[in-house]
Amino acid sequence: MGGSAAESDKYGRRLLAVSQIAHALDHVLHFPGIDIPKLRDGCQLAVELGLAAVTCRPDHVDKAARYLDGTGLAVITALDFHRRRTGRPSEEGWAEEARRLAGRGASELAVIANAERLSEAGNGAFMRSIERLISQQDEHGYRLRVQLDAGGLTDQGVATACRAFAKRGVWMVQGGTELGARTAFRQIRLMREALGTEPLLKWTTRVSFHVMLLALGEGVDRFNADVVQLLEEARRQEGLAPLAIPLAGLDY
């Protein structure tokens with residue numbers, strides 16, 4: 001996760017500063033009710049809190065990029081946004097949309113992987129599209145996220161997909177989507193094991209502060225949350241005792 005390496009307590013738990021907690025959070029600003037004033041305010045809040053990134057709709061990318069210019073925060077949006085859960089991808093269409101959105105200021109782009117796209121019939125087209133998007137990342141200045149909707153997939157299917165994404169060089173895999181079935185903690189642990197040390201792993205389900213600490217201990221790198229509420233809780237806890245990532249076998 002972001003921030004400098006922290007010291008450990010006497011039991012070996014890694015200690016964190018609130019700023020490191022903040023840098024593991026994305027601020028979600030892509031919902032229909034987000035207009036331009038709310039986008040501007042949300043971007044300003046993300047900067048003030050020291051978050052990692054802002055997610056927005058494709059039509060807001062240029063404005064979000066302007067609001068975040070020079071801050072180091074990433075601008076994230078999704079390809080094929082309005083039908084992103086259904087249908088097979090168009091390899092050329094996704095590649096062209098990625099180039100266009102990156103040109104407008106998107107620094108990270110997301111696509112959804114689900115049972116339909118990962119089926120025997122659809123997997124080839126989907127993986128070719130992933131490879132195409134990755135092949136042009138450096139030229140156009142973006143990084144690729146894959147949001148994995150595990151609904152309808154077996155544990156073996158989830159693990160196989162994660163290994164395939166890691167092999168192809170996907171930068172981040174997200175467990176779950178905003179509109180899909182909730183990804184369980186058990187599935188997140190399975191994904192981390194299958195991914196190895198890379199790519200980064202995000203848990204899309206909104207988390208509380210204590211659940212976030214537990215997931216950090218399992219190797220999750222990025223989260224969604226009520227960012228203001230979570231960071232307020234982190235500051236309260238820091239006032240009581242150092243913030244420590246729980247250790248498996250010791251704390252749970």
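**Close-up views of a predicted model**

**View A. The lining of the largest pocket divides into 8 nonpolar residues, 2 polar and 1 charged.** Asp, Glu, Lys and Arg count as charged, Ala, Val, Leu, Ile, Met, Phe, Trp, Tyr, Cys and Pro as nonpolar, and the others, Gly among them, as polar. The model is predicted, so local features need pLDDT of at least 70 and side-chain atom pairs pLDDT 80 or more, whereas totals for chains, interfaces and linings use all residues. Residues are numbered from 1 along each chain as its sequence is written, and side-chain values use heavy atoms, without hydrogens or water. The pocket (an open set of points on a 1 Å grid over the protein atoms alone, with protein on both sides within 12 Å along at least five of seven lines; lining residues have an atom within 4 Å of a point) has a volume of about 210 Å³. Asp9, Leu15, Phe209, His210, Leu213, Gln237, Ala241, Pro242, Leu243, Ala244 and Pro246 form its lining.

**View B. The largest cavity holds about 200 Å³ of space.** Of the 21 residues that line the cavity, His30, Thr55, Ala78, Gln147 and Glu178 lie nearest its centre. At least two lining residues are supplied by each of β3 (53–56), β4, β5, β6 (143–148) and β8 (200–206), with the largest share, 3 residues, coming from β4. By class, the lining comprises 8 nonpolar, 8 polar and 5 charged residues.

**View C. Helix α4 spans residues 91–104.** Its 14 residues reach 20 Å from the first C-alpha to the last, close to the 20 Å expected at 1.5 Å a residue. Trp94, Ala95, Glu97, Ala98, Leu101 and Ala102 of α4 are buried (under 20% relative accessible area with a 1.4 Å probe, protein chains only). These residues cover an arc of only 165° around the axis, which puts them on the same side of α4. What covers them includes α3 (61–67), β4 (74–78), β5 (108–113), α5 (123–135) and α6 (137–140). Gly105, whose phi is positive, near 125°, follows α4.

**View D. Asp26 lies in strand β2, which runs over residues 26–29.** Asp26 is buried, with a relative accessible area of 0%. Leaving out residues up to four places away in sequence, Asp26 touches (heavy atoms within 4.5 Å) Ala52, Ala53, Ile76, Arg145, Lys202, Arg222, Phe223, Asn224 and Val227.

Terms used:
On a 1 Å grid over the protein atoms alone, a cavity is a set of points where a 1.4 Å probe fits but cannot get out, and a pocket is an open set with protein on both sides within 12 Å along at least five of seven lines; lining residues have an atom within 4 Å of a point. Grid points are joined across faces, edges and corners, and a volume is the space filled by probe spheres set on the points. Helices (H or I, at least four residues) and strands (E, at least two) are DSSP runs, numbered from the N terminus. The expected span of a helix is 1.5 Å times one less than its number of residues. Buried means under 20% relative accessible area, exposed over 50%, partly exposed in between (1.4 Å probe, protein chains only). The arc is that of the directions from the helix axis to the C-beta atoms.
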